[in-house]
Amino acid sequence: MKKLAILGSTGSIGNSTLSICESFPDRYQVVSLAAGSNIAAAFAQCQRWRPKVISIATEQLAAELSSRLFDAGITGIEVVSGTAGSIHVATLPEVNFVVSAIVGVAGLEATYAAVCAGKTIGLANKECLVAAGELIIAAAKKHNVALLPIDSEHNAVHQAMRGGTPAEVKQIWLTASGGPFRNTPAADFESITPAQALKHPTWVMGQRITIDSATMMNKGFEVIEACRLFDLPPAQVRVTIHPQSTVHSLVEFVDGSILAQISVTDMRLPILYALAYPERVPVEGKIDLTFDLATLSQLDFAPPDLDRFPCLRLAYEAAATGGTACIALNAADEIAVASFLAGNIPFLGIPRTIEKVLELTQTRHPASIQEVLEADAHARECAQSVIANHIGSPVQFAKSK
Ligand code: NAD
Ligand code: MG
């Protein structure tokens, strides 16, 4: 029986993980949960799953949740809050598997603490590998912890890697759907609205990752994530545009063989793979993850366009520099995406903000999570001030370079 802590339980990945627990109650037991500020969803999860501990973003929300639980006659659930709360959730002695699915750097400390506590990790939170990959990988080696990727591309690579040794890998290919603007002419990018950018053609996900997919920053983060997880330099992590999102990624070996992983576009599959590893769990009669081979009749692959999608270029540059460049890339993106969603900057304001912040960032290689968080906070301030200088004049912002 695997005993789970689910960080980010009320999100898209969190809910998919719980649906697996629902389908395989004999294999997976929910021990603890951590969520942000969706009290209604957190309450419903407490009712259904009766976790030992639940953490919620703030103390005030924790008090609210406690009183709702009390009113409903639900006892025996410890309600905690904030970063300390999610660390507590992730490091409980009875937990042996942590699903890391908080969005952004908010999930970093709990994920790192779980690694240091020797828990096996199912990793969805790519931003923590972008910001602190060097430290997390070193800690995982030190504590002999498996980091099992849930991100579908890395999960595919993890599966295909089982076909050879690391030394036999020539390069890996991460597939990208190309997002909603794959065929949009460059001239139209300036006027892309949040509503347009929130419509992903093949996946339904949280807001930030959906916008990151539209700018292709998501793929950029995934390049960095792959460098860290598979110990490869950026030049050996390639991106190919594959609009069908059927081949989830490929590993090319030194003898010319390419192994691809193919399956339905359903995140429950990579989550289940990570939860079950090194086994494979039969899903028949439990979840329908059948892949229709007829959909393979057309598979397209094309190189990405780094001119229309400068975020991908910026990510490759940050990957080569490492350290604070990757931290700034993620922090500036998070701020810029929020500003874009709030209507304060245009779509192309996202890469422009990030490029400016990267220019202003001094390269360093933080030696602790505390230093990562300081660099992260600094990059956020920097992004805020880059944006503040342009708020009210989005046109001018759009033109500035
Ligand atoms: P989401 O926005 O749907 O969910 C995010 C979760 O994090 C929610 O439970 C939210 O309450 C929680 N959260 C936010 N701030 C928090 C805080 N300060 N403290 C505690 N909890 C907090 O996002 P998602 O789509 O589920 O993505 C989660 C992570 O998985 C992201 O890093 C994303 O890049 C990655 N990922 C998602 C998908 C996908 O298909 N959704 C695929 C690959 C990778
Ligand atoms: Mg992905």
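**View 1. The shell around ligand 1 in the predicted model.** Helix 1 (12-23) and helix 6 each supply at least two residues of this shell, helices being DSSP runs of H or I with at least four residues, numbered from the N terminus. The model is predicted, so that local features need pLDDT of at least 70 and side-chain atom pairs count only at pLDDT 80 or more, while totals for chains, interfaces and linings use all residues. Residues are numbered from 1 along each chain as its sequence is written, chains are lettered from A and ligands numbered from 1 in the order in which they are written, and side-chain values use heavy atoms, with hydrogens and water left out. Ligand 1 is surrounded by 21 residues, the closest being T10, S12, I13, G36 and E127, where a residue counts if one of its heavy atoms lies within 4 Å.

View 2. An oxygen atom of ligand 1 lies 2.7 Å from an N or O atom in the side chain of T10, and a polar side-chain atom of N125 is 3.4 Å from an oxygen atom of the ligand.

**View 3. The second largest pocket.** This pocket is lined by 19 residues, of which L147, H158, P166, L229 and F230 lie nearest its centre; a pocket is an open set of points on a 1 Å grid over the protein atoms alone, where a 1.4 Å probe fits, with protein on both sides within 12 Å along at least five of seven lines, and lining residues have an atom within 4 Å of a point. Helix 6 (126-142), helix 7 (152-161) and helix 10 (217-230) each give two or more residues to the lining.

Notes: Polar contact = N/O pair within 3.5 Å; in protein donor to acceptor, adjacent residues only side chain to side chain.
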